[in-house]
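Me: I'd like to learn how to read a structure like this one. Can we go through it step by step?

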Amino acid sequence: MRDMIKMLLVLTILATLSGWVLAAIRDNTKDRIENQVLEFVKGPAIRSILEEATNDPIVDRFQLKDGDMERTFFVGVMDGAPRAVTFETSGKGYGGDVGLMVGIDVTDNQIMGVGVTTHGETPGMGAKAKTDPSFVAQFRELPLKGPVKVTGDGGSINAISGATITSRAVCSATNDALQIYEKLKPQLTEKLKEFNK
Amino acid sequence: MARSIVQEFTKGLWDEVPPFRLVLGLCPVLAVTKSVENGIGMGVATTFVLVCSNVLVSMLRKVIPAKVRIACFIIIIATFVTVVELVMQAFAYPLFLKLGIFIPLIVVNCIVLGRSEAFASKNGMFRSLLDGLGIGIGFTLSLSALAAVRELLGTGDLTIWEKPIQVFGPSYQPFSFMVEAPGAFVALGLMLCLMNLVGKK
Amino acid sequence: MGDLIVLAISCILINNILLAQFLGNCPFLGTSKKMETAVGMAMAVVFVLVMAGVITWVTNTYFLQKLGLEYLRTVAFILVIASLVQFVEMFLKKSIPALYAGLGIFLPLITTNCAVMGVCLININEEYNFLQALVASFSYAVGFGLALILFAGVRERILLARVPRPLQDTAIALVTAGILSLTFMAFKGMV
């Protein structure tokens, strides 16, 4: 019986200590981890879209409610005024969801650029959506009216050869983004004013 | 046979070097040795867990009841693994992405649990520290050596601190078999064979 | 339904857990010397992996995620797996002694089999739903068994061959595993 109590006692103390230590470390690293994830997963796409931004879009971010979902928006400041917002949407690709960062130029009312963040597409085929800049370059300066389509579906985007599904996924993610922008435009404009310097 | 303190440390570097002498913990060895950088990162992470858990297990060895010792070891090891996971995410995120699930899997690496059970639970703190350090460094060196062979033959480059160095020059045709899955098995098998040849008494 | 079949095939053959993902290699080399032990280990893994996959999925979805404790995942999973294995062992011993006689000695080894923990983590990382997690766990386990049993067959033949001394035992086994892995690579691009 005493053995039993000792066993339970030791296990409980160990488990409590472990939980306590981990919670402490977690609290201290939480913000850093969040920043690192943004920097390395979404960062490259955001920075390539907002090349000319004079601020750090990853620091200048805010969240808005879209239905029951929280979306994060990254602001690009150019010439001292907030010029663009980027946010992430996704489309169904060949190997799961394709995450897409879409940048919208709020001054000229056009797409500033798009960039793939996460994907599970085939290397050398669908993965080119991320690695080959000429594909996503086609989305630059498209009007916000949409819908964006590949040439095969009657649109203007040349699909990546051998990866029509991936190309369609990028288009549909872009269209989602355009709709979300339309819907949230009032709140977004309000929020963006805060970045006027 | 009692070993001197120095031997406690050096045995991990040659006599009992994992994964060659102790054929344990093969999964990360095969999976992360595509590039030297990954190999070193994995080795350092494993060494940290190994040293910390060895020291703690040895400190607590008189308190832990024999019947639940494995459960206790697992809690201790899992805690340190999570520490590594969090710290790596915060400070070396690209490496964390490359090593993927093999960081949390250090918890089931037989080397770590094996050292706790076979060594730390029977020896003093200082010796356990040296044992963990020796085995850990030996493991890191083995990983780096295997990774160097695979990366060099497979791509012709060696990547150190994210900068690829072309060793064989641009005209080298990469033997990409070596960086694919089967190459890992074959390379490890041949290196083991080499170790046997050199180490034969 | 079609999606699930594709998932199953890719888990068994294309992303074979032993030969393509390198999980569970310690028992792969340790228990493949004899056909009999290989079959025993394969069965034990199927048995435990399916249960572990389901239970860890439920733990993660209804417990860790609800409470925002995802960072405790590693600790929670290993404890769940370790206690599951203990429990299965006790249960089999009491209720189905025949099965225990066959699987018994392999069960304790499974706690530190990274294939089990690995699949549980993959299920979470890939954000599978319950059904997908169930199918994936089962298929990975079947893939494990398939590779292990095939490999044991080859290894029994190697015993009869004359192998150069430095290559004997583990070294030749690894090279053979490499060749087996090469054949499994042929399944790539099937789905």
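Predicted model: local features only at pLDDT ≥ 70, side-chain atom pairs only at ≥ 80, totals over all residues.

Me: Which residue forms a salt bridge with R61(A)?

Reply: That's E34(A), with the closest N and O atoms 3.6 Å apart. R61(A) sits in strand 1 (residues 61-66) of chain A and E34(A) in helix 1 (residues 2-49) of chain A, so the pair ties together parts that are 27 residues apart in sequence. Helices (H or I, at least four residues) and strands (E, at least two) are DSSP runs, numbered from the N terminus.

Me: And what does K33(C) meet in a salt bridge?

Reply: K33(C) meets D169(C), at 3.7 Å from N to O. K33(C) is in the loop between helix 2 and helix 3 (35-67) of chain C, and D169(C) is in the loop between helix 8 (130-158) and helix 9 of chain C, so this pair ties together parts 136 residues apart in sequence.

Me: Is K33(C) exposed or partly exposed?

Reply: Here's the scale: buried means under 20% relative accessible area, exposed over 50%, and partly exposed in between (1.4 Å probe, protein chains only). K33(C) has 44% relative accessibility, so it counts as partly exposed. D169(C), at 43%, is partly exposed too.

Me: How much area is buried between chain C and chain B?

Reply: The size of an interface is often given as the accessible area lost when the parts come together. Buried area is the accessible area (1.4 Å probe) that two parts lose on being put together, summed over both. Between chain C and chain B that's about 3,000 Å², and carbon and sulfur atoms give 83% of it. In chain C, F22(C), P166(C) and L174(C) lose the most area to chain B, together 21% of what that side buries.

Me: How many residues does the contact take from each chain?

Reply: Contact means heavy atoms within 4.5 Å, and here the contact takes 38 residues from chain C and 38 residues from chain B.

Me: Which residues have the most contacts inside the largest nonpolar core?

Reply: A nonpolar core is a set of buried Ala, Val, Leu, Ile, Met, Phe, Trp, Tyr and Cys residues joined through side-chain atoms within 4.5 Å. The largest has 131 residues, and F102(B), L105(B), I110(C) and M117(C) have the most contacts inside it. Helix 4 (residues 69-91) of chain B gives the largest share of this core, 14 residues. Apart from this core lies another, of 37 residues, including L100(A) and L178(A).

Terms used. Residues numbered from 1 in each chain as written. Chains lettered and ligands numbered in written order. Heavy atoms only, no water. Salt bridge = Lys/Arg side-chain N within 4 Å of Asp/Glu carboxyl O.
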